[in-house]
Amino acid sequence: MKKRPVDIVVISDVHLGTYGCHAKELLKYLKSIKPKEVILNGDIVDIWQFSKRYWPKSHMKVIKLLLEWVAKGIPVHYITGNHDELLRKFSGNSMGSLNIVNKMVIPLEDKKAWIFHGDVFDVTMQHSKWVAKLGAKGYDFLILLNRAINFISKKMGKGPISMSKKIKNGVKSAVKFINDFEQIAADIAIENGYDYVICGHIHQPEIRNIKTDKGEVVYLNSGDWIENLTALEYHNGHWKLYSYLEDQLTIDHKEDSKEETYVLEKAELFQSLLEEFRISGMTQQSK
């Protein structure tokens, strides 16, 4: 399948290492594009729940593809989030074309884009981290239950449903939190003279103009790869919100029937990582 050129791709909230992660679908999407620059906007690997030892082959394949892009010299920026906050101690470090940061500002022609994960605005994260972690486990269980329900629904000839979406859209406090999050991000971006503010964290894909009495900014959110399966793409001077679920060509692309999902023990996982890096190192030496 011919790869689609993209100047910048922004992906967030993949949550590799959890049952809710749609790694196979993400891998299909990544293989369908040819990006000049990649921004991983937080919560790519879910270190919070990594103790479950759940790490299917498809999750490793996502990591491998990202490392292949780094080996080719494609700039890959890893912006840290709350679920991968352990990486924040490495902020400012680089390895080839891969660099780890907490936030970044990039020029886009004559405009500026301010990019960060977004958990800095989350009061729950700041003051009650254990509550947030408990909520993350509950959310992961809800996603797993949702998959089982959708499996049965598909067998009955019905379409998929998203329980988490219905809960978020039906609870007034959740809707208010999302609106407040977007407004705070926009207010600070306007005060600092940014033209775009790009976030993740709340799993709510969005592109919209936000106006205040002090100015205007374009707010963008890349969504997630748990329930929405979305990404942000910048190409030829324009932003667009990519939706895997609406990309019929990608959905119909034949899956690798040989791929199996299974749980790796810690020793196996570590050995697999060593092998990936050894292969990468050998490739670099051969060049």
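## A guided tour of the cores and a helix pair

Start by selecting Ile11, Leu16, Tyr29, Trp69 and Trp225, the residues with the most contacts inside the largest nonpolar core, which has 36 residues. Here a nonpolar core is a set of buried Ala, Val, Leu, Ile, Met, Phe, Trp, Tyr and Cys residues joined through side-chain atoms within 4.5 Å. Buried means under 20% relative accessible area, exposed over 50%, and partly exposed in between (1.4 Å probe, protein chains only).

Before going on, a note on the model: it is predicted, local features need pLDDT of at least 70, side-chain atom pairs count only at pLDDT 80 or more, and totals for chains, interfaces and linings use all residues. Residues are numbered from 1 along each chain as its sequence is written, and side-chain values use heavy atoms, with hydrogens and water left out.

Next, colour the elements that give two or more residues to this core: strand 1 (4–11), helix 1, strand 2 (33–41), helix 2, strand 3 (76–79) and strand 5 (98–101). Helices (H or I, at least four residues) and strands (E, at least two) are DSSP runs, numbered from the N terminus. Helix 2 gives the most to this core, with eight residues. Apart from this core lies another, of 17 residues, including Met104, Ala113, Leu220 and Leu232.

Now select helix 1 (residues 23–32) and helix 2 (residues 57–71), whose axes come within 8 Å and cross at roughly 25°. Helix 1 is therefore roughly parallel to helix 2, a label for angles under 35 degrees. Show Ala23, Lys24, Leu26, Leu27, Leu30 and Lys31 in helix 1, which meet Ser58, His59, Lys61, Val62, Leu65 and Trp69 in helix 2; contact means heavy atoms within 4.5 Å. These residues divide into seven nonpolar, two polar and three charged.

Go back to Leu16 and look around it. Leaving aside residues up to four places away in sequence, Leu16 touches Cys21, Ala23, Ile44, Val45, Asp46, Trp55, His59, Val62 and Ile63.

Two loops come next. Is His201 buried or exposed? His201 is buried, with a relative accessible area of 12%, and is found in the loop between strand 8 (196–199) and strand 9 (206–212). Its phi is near 75°, a positive value in a residue other than glycine. Asn236, in the loop between strand 11 (230–235) and strand 12 (238–243), also has a positive phi, of about 55°. Asn236 is exposed, with a relative accessible area of 59%.

Finally, zoom out: the protein has eight helices and twelve strands, and 47% of its 287 residues count as buried.

How values were computed. Axes fitted to C-alpha atoms, helices over the stretch in contact; angles between N-to-C directions. Parallel < 35°, antiparallel > 145°, perpendicular 65-115°, else oblique. Nonpolar A, V, L, I, M, F, W, Y, C, P; charged D, E, K, R; others polar.
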